[in-house]
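Here's a quick tour of a protein model, made for someone just getting started. Have a look at the sequence and the 3D view, then work through the notes below.

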Amino acid sequence: MTSDAAKRESRRAVQTSINATLAILPSEEFWPAIEVVRSVHDKACKKWQPHISILHPFVPEFEADAAADLIGAVLEQHSPFPLRFGPAQCRETGKSKDGRVYVSLSPDQASVHIIQSLQAQLLEVFPGCEAHAFPHLTLGQWPNKVEAKRACAELNASESLEGIEFVVEALQILHRRGESRAKVSRMVWLTGEDERQQGCPSESEMVQSLENDAVLK
């Protein structure tokens, strides 16, 4: 489906559900370290896997196939990209006023730019959804800023969450039913070629070139 066709199709994909989100899930090898913190401090741990929300709320489950097609048309313009989390930090949100201060992991700046670009394009296709201004992975909520800052210091000193880095190859559509934890209902792959890499030799081509140079010498 072309980008223009996707935009036309999006006019009907406006119904949303708070039990659905479009997200990036970190590699599962990093889940244990993340879930140790979330299981104690994140009220949403039993509802959602560790994730970076791209759009929430998102379309209900019966719209998942159509939504995946629309997302795929956007992701054809994007290639997989590396994402690295920085240290735990306090995140100011409107919810702080009710006594909760959020602690989260934020992606590196290059990843943030890519995610925000994806969000802007996807919001054109899914105008009824919302995107958080600052992409992040929530670790939990603390009762006040003092305790949240202390938690950040302890988490960063422990190094348990240091070095979380993975390649984002797909976006996941998550849906919840009842009180159960969300499940991945669709996975949509980033299939485009990075413009910065166009015209550049591949790794195999570079290896072959070096081997040829060695033979010539």
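Let's start with Cys 90, which is partly exposed, with a relative accessible area of 23%. Cys 152, on the other hand, is buried, at a relative accessible area of 7%. Keep in mind that you're looking at a predicted model.

**The cysteines**
- How many disulfides does a search of the whole structure find? It turns up 0.
- Cys 90 is in no disulfide, and the nearest cysteine sulfur, that of Cys 152, is 3.9 Å away.
- Cys 152 is in no disulfide either, with the sulfur of Cys 90 as its nearest cysteine sulfur.
- A disulfide needs two cysteine sulfur atoms within 2.5 Å, and the sulfur of Cys 152 is 3.9 Å from that of Cys 90.

**How confident is the prediction?**
- The chain has a mean pLDDT of 86, and 79% of its residues reach 70 or more.
- Watch out for residues 195–217, where the pLDDT is below 50. Beyond near neighbours in sequence, that stretch has 3 contacts in the model.

- Which residues of helix α2 (residues 31–41) are buried? They are Trp 31, Ile 34, Glu 35, Val 37 and Arg 38.
- If you look down the axis of α2, these buried residues fall within an arc of 165°, so they line one face of the helix.
- That buried set packs against β6 (137–142) and α5 (145–158).

**The nonpolar cores**
- The largest nonpolar core has 46 residues, and Phe 58, Ile 71, Phe 126 and Leu 139 have the most contacts inside it.
- Helix α3 (residues 64–75) gives this core its largest share, 6 residues.
- Another core, of 7 residues, lies apart from that one, and its members include Trp 31, Ala 44, Trp 48 and Ala 182.

**Aromatic pairs**
- There are 2 aromatic pairs in the structure.
- Phe 85 and Phe 166 make a tilted one, 6.2 Å centre to centre with 50° between the planes.
- Phe 85 sits in the loop between β3 (81–84) and β4 (89–91), while Phe 166 is in strand β7 (residues 165–168), so the pair ties together parts that are 81 residues apart in sequence.

Key: Residues numbered from 1 in each chain as written. Predicted model: local features only at pLDDT ≥ 70, side-chain atom pairs only at ≥ 80, totals over all residues. Heavy atoms only, no water. Buried < 20%, exposed > 50% of the residue type's maximum accessible area, 1.4 Å probe, protein only. Helix = DSSP H or I, 4+ residues; strand = E, 2+ residues; numbered from the N terminus. Arc of directions from axis to C-beta. Contact = heavy atoms within 4.5 Å. pLDDT = per-residue confidence, 0-100. Core = buried A, V, L, I, M, F, W, Y, C linked by side-chain atoms within 4.5 Å. Phe/Tyr/Trp six-rings, centres within 6.5 Å; stacked < 30°, edge-to-face > 60°.
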